Amino acid sequence: MSEAWLRDLPAELAPQRAIIRGLIDQAKSIARVRVVVVGCSIGRGNADALSDVDAYVGVTDDGDWRAALPAIDAGLAKIAPIQDLHHQFLSDAKRKDYRHTFVQYEDGVQVDLVVSPVFAERRPDRDWVVVYDPDGRVFGEPEARDPTPEQVRTWMFGGLGRLSAAAKYLTRGSLWEAHAVLESARADLWRLWAVAIAAPDPQFGITAVLDVPGARLLPGIERTIAPLDRAKLLNASVACLDLLTELWPQVSRDQPMPPFAERVREQLVALR
């Protein structure tokens with residue numbers, strides 16, 4: 001299946017195809033590698049020549065899964081000349097302990113690679129293409145992971161909290177900080193809009209929105225853009241708050257409007 005899928009990738013993805021084929025070949029040569037998955041834009045089928053390769057590698061864990069990393073790193077270097085790379089060990093509730101690696105190949109292809117202990121079995125994510133799975137660990141229909149009410153509430157509070165911070169920074173005359181938190185508030189606004197239009201993976205905000213074929217942008221979103229000007233930053237912050245509170249009933253699943261929203265409005269209005 002993986003070879004047919006690779007062969008059918010658009011011609012503009014030839015460099016990415018070569019890297020993915022290299023990942024598969026290297027996986028076959030490393031006994032501890034049991035699963036290789038390609039995801040995100042290439043997995044969804046809407047990648048272009050600028051798209052990076054987002055991949056997951058699952059390795060056996062006999063008490064020290066990190067022992068597989070030197071062989072994986074050597075494999076990455078065999079695929080093509082590497083210009084630069086960076087490793088970072090992270091953890092989260094989903095994978096617990098894992099390593100993220102960014103690779104810049106000399107031919108221009110970028111790779112975002114996650115390596116972690118392999119799962120026993122699971123259903124695929126919606127954007128997964130399983131390119132190596134000799135044990136048949138991935139099977140079934142793709143998982144539909146809709147955001148929980150708590151996630152939606154977290155994004156709403158994220159936007160409100162950042163707009164409250166914008167009011168504080170505008171009061172202090174710190175325009176750069178006000179600009180920065182307004183940008184972050186807009187990111188949460190995009191996440192809520194992604195929920196409203198039922199975009200997959202709304203946690204990715206604007207990226208999730210634009211990945212929907214024929215996606216509609218949030219009407220009025222352009223009013224949340226502002227240069228380093230106090231009055232314009234204030235107006236943009238109010239516009240962002242307006243959109244958050246207008247959108248909330250559509251995405252809240254009957255959760256009440258957070259009282260914090262009124263407090264933020266009072267902070268911003270007091271600056272006019």
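# Reading a sheet and its helices

Student: Which residue in β2 is the bridge partner of Val-33?

Tutor: Val-59 is the bridge partner of Val-33 in β2. This is a predicted model, where local features need pLDDT of at least 70 and side-chain atom pairs count only at pLDDT 80 or more, while totals for chains, interfaces and linings use all residues. Residues are numbered from 1 along each chain as its sequence is written, and side-chain values use heavy atoms, with hydrogens and water left out.

Student: How many bridges join β1 to β2?

Tutor: Strands of a sheet pair through backbone hydrogen bonds, either parallel or antiparallel. Here β1 (residues 33–39) and β2 (residues 53–59) run antiparallel and are joined by six bridges. Two strands pair if DSSP finds at least two bridges between them. Strands (E, at least two residues) and helices (H or I, at least four) are DSSP runs, numbered from the N terminus.

Student: What is the order of the strands in the open sheet?

Tutor: The six strands follow the order β3-β4-β5-β2-β1-β6, with mixed pairing. At the edges are β3 (82–92) and β6 (129–132), each pairing on one side only. On average, neighbouring strands are turned by 25° against each other, direction ignored. Angles run from 0 to 180 degrees between N-to-C directions, and axes are lines fitted to C-alpha atoms, for helices over the stretch in contact.

Student: Which helices pack on the sheet?

Tutor: Contact means heavy atoms within 4.5 Å. Helix α2 (residues 14–28) touches β1, β2, β4 (96–105), β5 (110–117) and β6, and its direction makes about 5° with that of β2. Helix α4 (residues 69–79) also packs on the sheet, touching β1, β2, β3, β4 and β5, and its direction makes about 20° with that of β4.

Student: Is Gln-110 buried, partly exposed or exposed?

Tutor: Buried means under 20% relative accessible area, exposed over 50%, and partly exposed in between (1.4 Å probe, protein chains only). Gln-110, found in strand β5, has a relative accessible area of 31%, so this residue is partly exposed. Not counting residues up to four places away in sequence, Gln-110 touches Asp-52, Val-53, Phe-102, Val-103 and Gln-104.

Student: At what angle do α5 and α9 pack?

Tutor: Helix α5 (residues 149–172) and helix α9 (residues 260–269) pack at about 20°, with their axes 9 Å apart. That makes α5 roughly parallel to α9, a label for angles under 35 degrees. Residues that meet there include Phe-157 and Leu-160 in α5, and Phe-260 and Val-264 in α9.

Technical notes. Parallel < 35°, antiparallel > 145°, perpendicular 65-115°, else oblique.
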